[in-house]
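User: Hi! Could you walk me through this structure with a few questions and answers?

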Amino acid sequence: MSELDDDLVKSFLEEATDLLSKWEGYCLQLEKELTPDTLNALFRIAHNIKGSSRAVGLNDVGQFIHIIEDVIVSIKEGRSQLNRKKLTMFLDAQTIMNEWFAVLMLESSYKFFPEEFIGKYFNEKKEFVEDEDVSLEAQEVSTEAQSKPLAEEAKVIQLKKEVKDEVLRVSTKKIDGLLNLIGELSIQQSILENCIQQSAVKDQEALVQSSLNLSRKITKEIYSMAFGLRMTPVGGIFQRLERAIKDLARDLNKDIDVVFHGSEVEIEKTILDKLIDPLTHIVRNSVDHGLEKNEERAGLEKPKKGQITISAIKQDDGVEIIVKDDGRGLNQKRILEKAIEKNLVKANSTMTKEEIFSLIFLPGFSTAEKVTNVSGRGVGMDVVMKTLEEVNGKILVGSEEGRGTKFKISIPTSLSIVDSLIVNINNDQYVIPIHSLEEVVDVDPVHMKMEDSIYVYRGKVIPFLHLGDVLQDTNQKKHHGVFPVLVTKVQGKRLALGVDMVLGQHQSVVRTLSSYFEKSFAVSGGTILPSGEPGLILNINSISEKYFKYLQTSKEVSA
Amino acid sequence: MSEVHEDKERYLVYRIKDELYASPLLDFKEVIEFIKPKIVPNMPNYFSGMVNLRGLIMGVIDLRKKLGYQENYELKPSMLICETDVGPLAAIIDKVEFVVYFSPTEIQDLKVEGKVDISCLQGFMQYQEHLISVIDIKKFVSNIEKSEKVEQEKAA
């Protein structure tokens, strides 16, 4: 066999992965309604992948998709009917090819042929095997077959981490817009140059001024547009969520409607990728635990079909994603009981409804009564929360018993710009992201207790730490009069952080720092301050976590 | 350029106090005037902080402190910028002296316990009346230990 051209294979794979996601969409459409158009579209994708895979020398892929294509043709020509099994096969084929392509992306010489898949749906002559009623046995096979690729997936993900450069697909419209602006900018520049060359700046002062103004405006637009290049619509992951919901609903014999709003809202690709796992977990939870069986719903005066609504809403400071179901809702009493049983809260503690709901995000909390292989995948809500925190996201849960549950996730649209406070600590300026703070208060030293280690905040005592002590050796007590304190909340625990002065608010452009800065645990990134000096963005989470750990150990020592 | 230098490489010779050091010229991206670094907390004492070089934030290593020289530093030192495995770093030295063509094979491979970490000391070159220590600058500056007192700090 000839040597494969790596680049060619890569560009094929990129294209094919894109096609496969369309494939998934068409399959989901077919599930709702069989139209010749959709079927044709599916056929075209199969044919396209077959053609180009052979062209780049991936004959295995071509051979595989050819078998699938035959089935589509037979439906098209009316020789067979589209049924549930065929649809499942199409979707399974998509899953397998996706994994297959992901491995090929890293290792273009990877040899693999999905024998197992073929064996499951086809006979030796590669003809599709029909059986109308899916027996239990067959279903078991299907879960087994699904669990196997998961192990492979883990391998793939691990491999993926090693690839540093990521390829983005960007719409030509965005690129054209950017090029246009750059063109305009260079026109303004040549006007300026011309003015100077003719040494007529004086006479043309007005022209120079307007040209400068225009350049400034264009530069600003270029900047925001270049930022937009990294943005992708959330619709891309909605489809994956629909697939996850439909797959699980089929397994559990539930009939579920999925409604999407705001799929055109854009988020930075890196953040969007991080959202997939948490959202999948949440919707699977909804399907498994939240929504009742169809028969049960009929008795509850609810529409027979359960409904999951996923909406993305653009907000001033980011994007809000809301996942709502009309299922049975969270059971306050049971959550509290479980939390007490697991020693997460004290018995007979009084808590508000919201506080009780937020218990489900604590590590070690799980209403394990009904761990199924669906939601018992070892990922708890605490992991969901952690993952979201990595991209500066927050999650809130609301629920009404018998009416449904609602998860509200707020995330920034971009990790490249953060709203932050510039503060003065020991005569140096530091940057603190606003999202990590709950409140900024002016504190009278009267409210400080226990040698300034405790601050009385609205009648509650919370530990106090001066950031100056974290950042430098200094340990002087120097609270003359009122000083600002930043209140933060990490894993449900509040901490008051003292600074010398709050200088103002700033939209900081985040610069990734070289790896050696990691030695300084307090820092999460760098930025250029308005003064042109470099500034450090403090990692409030890691500072607080370390401090709580320190408090914990010192308590144990003194006990 | 000319045949004379065929087997030779260029070295940048710089001075700290009265001693001369040399490193391969191509290990440096540029030499800049001293910019006052901004403090980065919880780093070893020879890590002077960071500077903004045309929009790029980079750490600054005070080579004089790292090599164990005591106070009384040159008031107008220079900074050598090098691209290391861990990212760009600026190294503070007293003065850039000159560039020499020198054959790497003529570097005397003598390892002595001294100010420079032995694994970064490539040897010595005898050039005119000078004895110059040759150091692997990239390796030397990028070796940044964790500040030992970080852990206890918050006890305060």
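Analyst: Welcome! This is a predicted model in which local features need pLDDT of at least 70 and side-chain atom pairs count only at pLDDT 80 or more, while totals for chains, interfaces and linings use all residues. Residues are numbered from 1 along each chain as its sequence is written, chains are lettered from A and ligands numbered from 1 in the order in which they are written, and side-chain values use heavy atoms, with hydrogens and water left out.

User: What area is buried between chain A and chain B?

Analyst: Buried area is the accessible area (1.4 Å probe) that two parts lose on being put together, summed over both. Carbon and sulfur atoms give 61% of it here, and the total is about 2,600 Å².

User: Which residues of chain A lose the most area to chain B?

Analyst: Three residues together account for 27% of what that side buries. They are A:Y516, A:K519 and A:P534.

User: How many salt bridges does the rule find across the interface of chain A and chain B?

Analyst: A salt bridge is a side-chain nitrogen of Lys or Arg within 4 Å of a carboxyl oxygen of Asp or Glu. By that rule, the number across this interface is zero.

User: In chain B, which residue of β10(B) is the bridge partner of B:Y21?

Analyst: Strands are DSSP runs (E, at least two residues), numbered from the N terminus, and two strands pair if DSSP finds at least two bridges between them. Strand β2 (residues 19-24) and strand β10 (residues 130-135) of chain B run parallel, joined by two bridges. The partner of B:Y21 is B:S133.

Technical notes. Helices (H or I, at least four residues) and strands (E, at least two) are DSSP runs, numbered from the N terminus.
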